[in-house]
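Morning, everyone. Please put the structure up on the screen, and I'll walk you through it.

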Amino acid sequence: MTILIVPDIFGRTPALNRLSARLADRMPRPEITIIDPYGDGLFFRKEDQAYEHFSTRLGIPAYSQMVRNRLERLAPPALVLGFSAGAAAIWHMSGQGPCPGVSRGIGFYGSQIRHHPDIRPQFPIHLVFPKSESHFNVNELMDKLDGRPGVTVEQAAGGHGFMNEYSRRFDPGLYEFFIRQLPADLSLPQTLKSSP
């Protein structure tokens, strides 16, 4: 099994390395790769600094292309797992033509998806949204996406960033719940349903 983890604006953090190790412990012979969006091991502890750096140096379209390029070098089938900007990059990539080797995607609180709700993913994707967002109505976006072929959505009880130890909205209980629910088998993204 191959898993590609696509970080949020904080970059490749020690917390993501720990998440990768936990997933590796649960799976037979996993190949887990974490994209380093900044290419130099840089990561941020403060959200405002991370946002400024990501916005001025990268952006979603370039990040999406980075994900696609990395996937071309990985053994299929691959699960792509993204957080915030990473989830939006996966969503963006999913509509840019065939993605050979991608079995499915899972994206957590990809708020930038709201700018491209009409994308038709080329692989199955499961999106986990937070209970609310300050810039848009989460329920309206979920209604637009729900029922689209290959797309499943759910809403978690936490705020944007509940899976990120560096976020102000980190929720240890939700983090543990979703880590336990992440599929040990690429065919099980629906097991994420029924979050607390």
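**Pocket, cavity, bridges and a strand**

Let's start with helix α2, residues 47–57. Helix α2 gives the most to the lining of the largest pocket: 5 residues. Keep in mind that this is a predicted model.

How much space lies in that largest pocket? About 600 Å³. In total, 27 residues line the largest pocket. Closest to its centre are Glu47, Tyr51, Ser84, Ser111 and His160. Find those five on your screens.

What is the lining of the largest pocket made of? It divides into 13 polar residues, 7 nonpolar and 7 charged.

Now to the cavity. How many cavities of 30 Å³ or more are there? The count comes to 1. The largest cavity has a volume of about 140 Å³. It is lined by 15 residues. Thr13, Ala15, Leu16, Met163 and Asn164 are the closest to its centre.

Which helix gives the most here? That is helix α1, residues 14–26, with 3 residues in the lining of the largest cavity. The make-up of this lining is 10 nonpolar residues, 3 polar and 2 charged.

Stay with helix α1, please. We need it for the salt bridges. A search of the whole structure finds 2 of them.

Take the pair of glutamate 165 and arginine 18. Their closest N and O atoms are 2.6 Å apart. Where do the two partners sit? Arginine 18 is in helix α1. Glutamate 165 is in the loop between β6 (151–155) and α6 (172–181). The pair links distant parts of the chain, 147 residues apart.

Are these two buried or exposed? Glutamate 165 has a relative accessible area of 34%, so it counts as partly exposed. Arginine 18 is at 41% relative accessibility, so it is partly exposed as well. The cut-offs explain that: buried means under 20%, and exposed means over 50%.

On to arginine 22 and glutamate 176. Their side chains meet in a salt bridge, at 2.9 Å from N to O. Why does this pair matter for the layout? Arginine 22 has 31% relative accessibility, so it is partly exposed. Glutamate 176 has 29%, so that residue is partly exposed too.

Last stop: strand β4, residues 102–108. Why call this strand largely enclosed by the rest of the structure? Because 6 of its 7 residues are buried.

Which strands pair with β4? One of them is strand β3, residues 78–83. β3 and β4 pair in the parallel sense, over 6 bridges. For a landmark, find alanine 78, which stands opposite valine 102 in β4.

Then there is strand β5, residues 125–129. β5 runs parallel to β4, and 4 bridges join the two. The landmark here is glycine 107, which stands opposite leucine 127 in β5.

Now trace the path from β3 to β4. Helix α4, residues 85–94, belongs to this unit. Together, β3, α4 and β4 make a right-handed β-α-β unit.

Let me recap. The largest pocket holds about 600 Å³ of space, and the largest cavity about 140 Å³. There are 2 salt bridges. Strand β4 has parallel partners in β3 and β5. That's my tour.

Key: Residues numbered from 1 in each chain as written. Predicted model: local features only at pLDDT ≥ 70, side-chain atom pairs only at ≥ 80, totals over all residues. Heavy atoms only, no water. 1 Å grid on protein atoms, 1.4 Å probe; cavity = no way out; pocket = protein on both sides within 12 Å on 5 of 7 lines; lining within 4 Å. Points joined across faces, edges and corners; volume = space filled by probe spheres on them. Nonpolar A, V, L, I, M, F, W, Y, C, P; charged D, E, K, R; others polar. Salt bridge = Lys/Arg side-chain N within 4 Å of Asp/Glu carboxyl O. Buried < 20%, exposed > 50% of the residue type's maximum accessible area, 1.4 Å probe, protein only. Pairing = 2+ DSSP bridges. Right-handed = clockwise from strand over helix to strand, strands pointing away.
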